[in-house]
Amino acid sequence: MGANPKLDPIRGEGSGNGSRPQPSYKVIGTRPIRPDGVDKVTGRALYGADVRFPDLLHGKVLRSPHARARIRSIDTSQAEALPGVKAVVTGADLPTAEDRFEDLGEGGINLRYLSENVLAHGRVLYHGHPVAAVAAVSPHIAEEALSLIQVDYEVLPPVMTLEEAMAEDAPILLEELRTDEMGERGNRPTNVAAHFRYELGNVEEGFAQADLVVEREFRTQTVHQGYIEPQMATALYDQDGQITIWTSTQGSFSVRSQVAEILQIPVSRIRVVPMEIGGGFGGKITVYLEPVAVLLSRKAGYRPVKLVMSRAEVLMATGPTSGSRIRMKMGATRDGRIVAAEAELVYEAGAFPGSPVGSGAVVLLAPYNIPNVRIDGYDVVVNRPRASAYRAPGGTNAAFASESVVDELARKLGLDPLEFRLKNGAKEGDRMANGLPHPKIGYLETVEAIRNSEHYNAPLEGRGRGRGRGVASGYWGNWGGKSSATAVLNADGTVTLNEASTDIGGTRASIAMQFAESLGIPYEKVKIRVVDTDCVSYNDVTGGSRTTFGTGLAAYELGQKMKAAMIQRLADIWGVSPEEVVYEEMVFSAGENRVTFDEAAKLIERRSTPVMVEAEVYGKKYGPAFSTQCVDVEVDVETGKVTILRYTIAQDAGKAIHPAYVEGQMQGGVAQGVGWALNEEYVYDREGHLLNASLLDYRMPTALDLPMIETLIVEVPNPGHPYGVRGVGEVNIVPPAAALANAIYDAIGVRMTELPMNPARLLEAILAKQAQESTQPA
Amino acid sequence: MRAVDYVPVRSVEEAVAVLAEHGDRAAPLAGGTDLIAQLKEGHRSIDLIVDVKPIPELMELSYDPAAGLWIGGAVPCHRISRSQVVRRHYPALLDSTTLIGGIQIQGRASLGGNVCNASPAADSVPNLIAHSATCHVAGPQGTRTIPLEAFFVGPGQTVLRPGEFLVGFRLPVPPAHFGAAYLRFIPRNEMDIAVVGAGASVVLSPDGQTVQAARIALGAVAPTPLYVPEAGQALVGQPVTEESIARAAQIARDAARPITDMRGTVAQRKHLAGVLTARALRIAIDRARGTKTVDSLGRLNGHA
């Protein structure tokens with residue numbers, strides 16, 4: 001366990017003035033313009049919906065109006081007869097998929113269920129479940145054709161909540177489902193797809209040592225990632241059997257393998273072209289439209305078919321992450337040591353197994369070193385859309401529970417909540433609930449950064465009288481994954497870098513910067529492109545906060561390889577050994593031979609073998625991220641409305657390659673966390689119809705609902721990366737719900753245990769507290 | 001969206017003739033911010049859009065010191081909120097026309113459309129009632145005038161007969177020592193439909209200490225926008241105090257008969273009806289007096 005370097009958080013206000021690159025770096029730590037910036041601000045960038053062809057057909061998807069039903073029959077004859085309709089497909093057009101688990105990067109899915117989610121096979125399991133699709137010469141004709149498809153449903157009672165799903169006499173959603181009970185397959189039909197347990201030490205003995213125990217039950221609702229760009233896909237099934245798919249995705253190779261598995265077509269026949277992506281947050285990993293577009297294209301006579309979802313379809317049938325019920329019990333000694341923790345996490349999986357309850361269970365207590373822990377997790381199917389990954393999947397739910405209880409313990413012990421965290425905070429080598437020891441981490445440093453912040457030390461006027469301050473911490477493990485990339489030396493001294501990590505957070509810039517640093521050239525000399533699946537080898541998805549780390553490793557390696565290749569070529573030209581060639585400050589020299597980098601590029605093209613290098617990496621030494629956050633709120637006690645007055649984040653980035661984009665990730669995570677905490681939720685009626693499938697009634701925060709979010713970048717380098725990079729994309733969505741709940745308690749003494757803490761719920765709690773106080777004897 | 005026909009009309013007579021001929025297969029179009037969206041989303045089916053914007057009266061916004069303010073049925077919100085007359089004499093109207101939609105929507109959306117859409121939550125209605133607006137309607141049987149509070153029958157339903165349409169609104173000249181305000185409660189700070197809305201107006205004595213007249217109307221707490229005359233009545237002759245405001249707010253709260261839906265609950269809406277009535281009254285009183293009430297945390301009129 002090495003001593004921590006002296007911390008000097010970069011204070012960023014998004015102004016671009018806060019950058020202080022370490023002297024040893026020339027590129028890393030600066031804030032250059034992103035390669036895709038101009039096209040995005042001028043509107044020139046091409047997104048999936050911009051794909052157009054002269055003979056393009058337009059597709060539409062027919063969706064189930066019921067939350068749960070058996071499909072007795074589907075009659076598409078009238079739709080097929082409508083002039084202008086070129087193809088109609090249903091689940092019968094899909095091959096029988098294998099009963100096999102496919103890892104998608106951030107979570108996985110059984111291929112049979114993936115296929116069933118693309119087009120229903122004999123049963124529908126949520127309002128909006130795709131049942132059929134049409135391709136026609138115009139979107140209007142396609143829409144009209146949908147209304148001509150006759151589906152005979154046997155409507156069944158839906159199972160909308162965890163309680164309904166787990167009841168003894170619950171209707172069974174998936175007849176074939178058996179509980180995976182800690183690795184053992186159960187023997188009776190159930191809605192509980194899995195139960196697992198993490199155990200450390202002895203919980204009973206731990207609680208016996210505790211002087212204070214707090215136990216509460218928390219609930220969170222189904223929420224959506226809320227990416228602004230709806231899903232779309234255009235596919236061309238060519239006469240020669242070659243397939244091209246243009247889409248917006250976090251992982252072009254993942255789309256390729258999912259489509260190949262669902263349609264049982266070899267991957268070599270599929271090329272996926274990733275278009276610019278308007279937000280993903282985990283929700284653009286699973287395929288929805290791509291296989292349907294391919295089927296329609298083939299059936300329509302090998303014409304390209306484009307499918308674009310409406311916002312209502314996006315909310316009804318893609319995305320969401322799990323609603324949950326979490327029971328959290330924690331015990332501490334009088335002197336402030338947490339000695340035991342016990343939790344039960346029950347997560348909605350949606351229509352098919354695969355909620356992020358597993359990662360939620362890891363996030364739950366990861367910031368603390370607790371000797372005695374028991375966590376039970378349950379994955380439960382309900383008649384809602386299948387849960388998919390959402391920024392630190394499962395983490396926000398879990399931290400809402402654990403960080404609220406930590407806050408309550410600290411208050412009852414009379415300890416400052418940050419001091420309490422410093423006393424119990426995890427360090428390198430401490431074991432997490434899943435038994436794995438933490439590698440080198442910077443958790444305590446994030447707590448110290450908040451403790452030392454101007455915000456935390458500033459007085460809050462009206463505190464305890466409608467205004468309050470709360471803190472919370474969060475963990476995300478991050479990921480490394482596989483990446484490959486190539487780099488080509490151009491004769492003018494620039495480099496073309498081809499990589500395949502779709503860019504959702506400024507990764508073109510962060511990858512190009514690492515390459516430039518590695519090769520010792522300015523960032524402006526690197527021309528970076530995100531290429532399709534035929535151009536480089538396999539790449540994992542842009543997910544798990546892995547890209548700047550993983551594809552960054554490839555970029556580092558490319559820089560080293562290109563330097564070596566250039567030295568080799570120059571040595572040949574000069575007739576010296578490569579060891580004699582020195583490369584410094586963009587100058588190659590050997591004895592009297594001396595060329596600049598640009599001259600070298602030109603010389604090599606004229607007199608030697610061209611230079612192209614490639615790198616393939618499988619990054620396994622990724623470093624976890626921690627974030628500690630402080631928020632000031634004002635509660636309108638007459639209406640229950642919460643106004644955020646000030647928000648500050650401290651995150652350990654390992655090393656911030658491009659601090660402005662790190663700050664953007666920090667602020668973006670908090671913005672989404674605030675929405676989840678205060679207003680976002682899926683509202684269903686008793687029949688299981690989604691009532692708020694619009695951005696009017698699915699209330700994400702607007703620009704007027706968020707303050708400027710202040711950022712403190714903490715840098716405890718990850719020893720597993722040459723520049724110390726950790727992932728930064730996800731962890732900041734973990735603490736906000738708890739931080740806000742803690743701030744609301746500080747403001748008005750009301751402990752909220754259910755999300756969202758919207759005005760209706762908060763007002764109810766305020767009025768209940770007032771009623772209770774007025775009936776208590778004075 | 002199915003294809004529909006479009007016809008612009010240039011006079012009230014022409015509009016009446018076209019609308020009478022096509023019955024419920026035609027609909028007048030002003031800004032279209034409700035109509036077009038309803039057609040696109042399949043919530044409404046018609047064959048003919050009758051664009052009433054070319055009719056001069058429909059786009060007229062004018063003030064007469066005797067007759068008061070005329071607002072043509074198709075005048076967009078942005079013209080109303082930028083009018084110096086409105087800013088000077090009709091403050092509650094300014095409140096509502098600046099909070100309906102965003103800037104782009106305000107460039108098209110009209111009060112006539114908002115009123116005829118007849119949402120119980122319509123933001124323009126409680127303030128127009130507070131300003132004693134009347135609706136001027138034209139139809140095959142001629143023209144008629146209807147007080148705004150009597151215009152609504154139920155959600156999406158008005159007293160308009162087949163072939164009739166709304167030409168515009170007349171708002172009387174406010175008396176001296178008059179103030180009015182409109183407030184709505186929404187969970188966010190933008191992009192929402194009112195959970196509850198409250199419009200209030202007061203006429204104070206010359207010394208500003210006594211209420212001489214008051215009107216209070218609520219949105220989103222009943223099947224139609226709700227005028228609560230008894231709440232205003234309770235203030236008449238009363239001193240301007242927190243007690244008298246609280247009494248009026250309690251009456252408004254009791255008059256509310258909301259439902260629970262995804263935007264709010266019965267208990268929340270009844271409670272908010274009282275809170276917003278009191279707050280709107282305080283603002284109206286401030287405006288009548290030309291004062292500003294700031295609380296201990298520096299917030300104007302008890303809200304941020």
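How much area is buried between chain A and chain B? I began my notebook with that, keeping in mind that this is a predicted model. I found about 2400 Å² buried, with carbon and sulfur atoms giving 53% of that area. I then asked who contributes on chain A's side: A:E638, A:K641 and A:R699 supply 23% of the area that chain A buries against chain B, more than any other three residues.

**Entry: contacts between the chains**

I looked up the contact and noted 29 residues of chain A against 20 residues of chain B. Four salt bridges turned up across this interface. I wrote down the pair B:R263 and A:D697, whose closest N and O atoms are 2.6 Å apart in their salt bridge. I also listed 13 residue pairs in polar contact between the two chains. On chain A, α4 (139–146), β29 (625–636) and α20 (759–775) each supply at least two residues to the side touching chain B. α20(A) gives the most, with four residues. By class, I sorted this side of chain A into twelve nonpolar, six polar and eleven charged residues.

**Entry: inside chain A**

Next I turned to the domains: domain 1 (48–156 + 231–308), domain 2 (324–478 + 623–773) and domain 3 (479–619).

Methods:
Residues numbered from 1 in each chain as written. Chains lettered and ligands numbered in written order. Predicted model: local features only at pLDDT ≥ 70, side-chain atom pairs only at ≥ 80, totals over all residues. Heavy atoms only, no water. Contact = heavy atoms within 4.5 Å. Buried area = accessible area lost by both parts, 1.4 Å probe. Salt bridge = Lys/Arg side-chain N within 4 Å of Asp/Glu carboxyl O. Polar contact = N/O pair within 3.5 Å; in protein donor to acceptor, adjacent residues only side chain to side chain. Nonpolar A, V, L, I, M, F, W, Y, C, P; charged D, E, K, R; others polar. Domains from an automatic or database assignment.
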